[in-house]
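Subject: Structure handover

Hello,

Please open it first, then read the notes below it.

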Amino acid sequence: MAEGQLLSLAQQVVSGLSAGSIYALLALALVLIYQSTDVVNFAQGEMAMFTTFIAYTLLTWYGVPFLPAVALTLIFAFLLGYLVERVVVRPVEEAPALSVVIVTLGLYSIFNSVAGWVWGYVPKGFPSPIPGGTVRFFGLTVGLLDLWILGCALVIMVLLHLFLRRTTLGTAMRATAHNRTAARLVGIPVGRMLSLGWGLSAALGAVAGMLAAPKIFLEPNMMAGVLLYAFAGAVLGGLGSPFGAIAGGLLVGVIENLLGALVATELKAGLAFFMILAVLVVRPQGLFGTVRRRKV
Amino acid sequence: MAGRILLAVLVICLLAAPLFVNQFANFVLSRMAVYAVVALGLNLLTGYSGQISLGHGAFFAIGAYGAAIVANRLGLPWPLCILAGGLAAGLAGYLLGWPSLRLTGPYLAIATLALAVAVPQALLKFEGVTGGVQGLKLSQPRSPAGLGLAQDQWLAYICLVTAMAMVWLTVNLVRSRIGRAFIALRDSEIAAQAVGVSLSRFKTLAFAISAFYTGLAGGLLAYLLGYIAPDAFTLVVSIEFLTMVVIGGLASVAGSVIGAAIIVVLPLLGSNLTDYLAGLLNLVGLSAVGATTKGLIWAVYGVILILVMVFLPGGLVSLYYKAKDFWAGAWPREKGVRPGGV
């Protein structure tokens with residue numbers, strides 16, 4: 001009996017990891033944009049949803065094969081992010097943080113309602129390159145799709161880490177986020193870095209959306225539930241660390257699932273709230289972040 | 001002097017209006033008054049104290065449910081119930097104020113966003129108290145026999161008079177020691193603390209007062225509708241609140257009222273506009289079968305939010321101040337060094 005309970009608990013953890021991998025992916029996109037532009041993008045989830053709809057349209061309306069459709073979507077997402085930064089975010093760059101938050105909220109409303117308007121609110125299935133079966137490990141049932149999502153998240157995390165830490169471009173982007181004036185003084189094209197940061201993060205969001213869509217179905221509000229947990233994950237792991245985003249996202253997924261199973265499903269959002277609050281109060285830099293010192 | 005006369009005329013017109021307009025117009029007028037109270041509260045926090053909140057929908061819900069629960073369980077007269085709603089929300093705001101001392105900018109936005117999502121779900125969960133999906137009913141206040149007002153007229157008066165009292169209160173509050181402390185903390189926490197303004201006391205106070213206003217408005221709404229349910233307090237409501245403050249003008253009492261009026265009227269005009277836009281989209285063949293104009297008003301809100309932030313960061317009232325060449329100090333927009341070409 002005890003063993004059976006342990007097994008069902010372990011199964012809950014596994015399901016939690018599967019939900020958490022989606023939070024982790026979106027949290028990664030949030031971290032990328034924060035690392036490269038010092039902005040928290042509230043429209044991240046909606047941009048991911050919007051670009052996933054583009055992929056859906058290419059696949060089902062125009063019959064484009066899967067891989068070219070993904071590639072086209074990524075290009076579209078990159079351009080979308082790039083343009084959004086250049087046209088909408090740049091003018092408020094020097095304004096207080098409040099203005100930027102409000103602008104990203106405006107983008108949130110626009111993407112959400114335009115998607116609902118163009119594609120409607122009926123949830124749609126999204127094709128997946130991975131079959132829907134399950135595999136069994138030590139008596140635990142694990143979805144192939146979940147393994148695929150988790151694997152992609154880990155690969156992207158490593159790539160992102162290498163990009164931000166080991167390449168000149170990544171370093172330039174971090175420098176831009178850290179201190180714009182100093183970055184400008186050493187010859188970094190600050191404006192281009194900011195646009196690039198938004199473009200890359202939108203492309204990453206598109207990946208997150210396309211990976212998540214077979215699992216949570218495609219509809220304009222698909223990211224409403226995910227974004228909050230992605231925020232919780234990003235904050236938990238530290239907004240400054242790709243590894244933290246993954247770990248935080250997975251952790252949030254596991255905690256959420258366990259709580260849902262043991263206490264009550266309706267309190268999940270409350271849990272996210274308390275988790276965000278507790279982490280921010282006790283350890284504002286997150287579990288894996290480093291303190292960023294500011295001169296006053 | 002001219003300003004005072006204008007204000008007096010406006011007040012008299014507003015007070016006379018419920019007697020002459022139809023039921024629907026009275027409802028719209030009442031909603032404007034309710035939203036104006038929220039806008040004043042949110043503006044105290046966001047405009048005057050510089051603290052962003054995406055969670056005011058939660059305080060609105062706490063106020064509405066607080067009033068309804070007190071009314072149904074204790075059977076107190078309606079003014080006390082509305083006040084109870086305000087106080088409940090104020091307490092919640094005060095409690096949120098403490099952790100918020102450590103949060104700035106986007107982090108505060110994230111935390112309050114989580115609150116806005118959490119509260120409606122909690123309302124669903126604690127069915128015994130909140131009625132779950134069904135929501136709560138409460139009986140609307142009846143006009144005193146001597147006045148002979150219809151139900152909608154009496155409700156409109158309750159909302160209008162409350163809103164006017166709150167406007168008066170806010171104008172005085174921002175000029176008081178407390179208001180000056182809010183503004184000082186917004187402009188520079190370090191400088192304000194250096195001259196003896198207590199950061200913890202005034203920040204928590206800003207949250208408490210702001211939430212109190214919003215809860216009061218929630219109580220008013222509960223009586224205005226006579227029925228409340230969790231789906232009236234989604235995240236969308238919180239964004240709506242922020243939109244009206246930004247459109248009207250941050251750190252401006254007049255701006256709060258103007259923003260509230262616009263956000264109430266806009267959806268009424270909106271259905272025509274969005275139908276028109278949908279027609280346009282159909283024309284170029286972009287629209288899918290079964291596409292709907294439902295919710296397109298949110299795209300309009302989004303565009304307005306961005307346009308205002310980019311071109312008119314002081315909101316609509318700043319047009320007036322600009323015209324008067326009296327722009328300094330209302331919401332100082334930091335103009336950093338901005339070398340071209342990068």
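**Notes on the model**

Gln11(A) sits in helix α1 (residues 2-37) of chain A. Helices here are DSSP runs of H or I with at least four residues, strands are runs of E with at least two, and both are numbered from the N terminus.

Before going on, the ground rules. This is a predicted model, in which local features need pLDDT of at least 70, side-chain atom pairs count only at pLDDT 80 or more, and totals for chains, interfaces and linings use all residues. Residues are numbered from 1 along each chain as its sequence is written, while chains are lettered from A and ligands numbered from 1 in the order in which they are written.

The cut-offs: buried takes 20 or more other C-beta atoms within 10 Å, exposed 12 or fewer, partly exposed lies in between, and C-beta atoms are placed from the backbone.

Beyond its neighbours within four places in sequence, Gln11(A) is in contact with Leu140(A) and Thr141(A). Contact means C-beta atoms, placed from the backbone, within 7 Å. Gln11(A) and Leu140(A) are 129 residues apart along the chain, yet their C-alpha atoms are separated by 5.9 Å.

Now the strands. β1 (residues 134-137) and β2 (residues 140-143) of chain A run antiparallel, joined by four bridges. Strands pair if DSSP finds at least two bridges between them. Val135(A) has Val142(A) as its bridge partner in β2(A). β1(A) and β2(A) form a hairpin with two residues between them. In the turn, Phe138(A) has a positive phi of about 45°.

Chain A as a whole has 11 helices and two strands. The order from the N terminus is α-α-α-α-β-β-α-α-α-α-α-α-α. Its radius of gyration is 19 Å, close to the 19 Å that the globule rule gives for 296 residues, so chain A is as compact as a globular protein of that length. That radius is taken over C-alpha atoms, and the rule is 2.2 Å times the number of residues to the power 0.38. Of the 296 residues of chain A, 54% count as buried. Among contacts in chain A between residues at least 6 apart in sequence, 75% join residues at least 24 apart. The C-alpha atoms of chain A fill a box of roughly 65 × 50 × 35 Å along the principal axes.

Best regards

Notes. Two residues are in contact if their C-beta atoms, placed from the backbone, lie within 7 Å.
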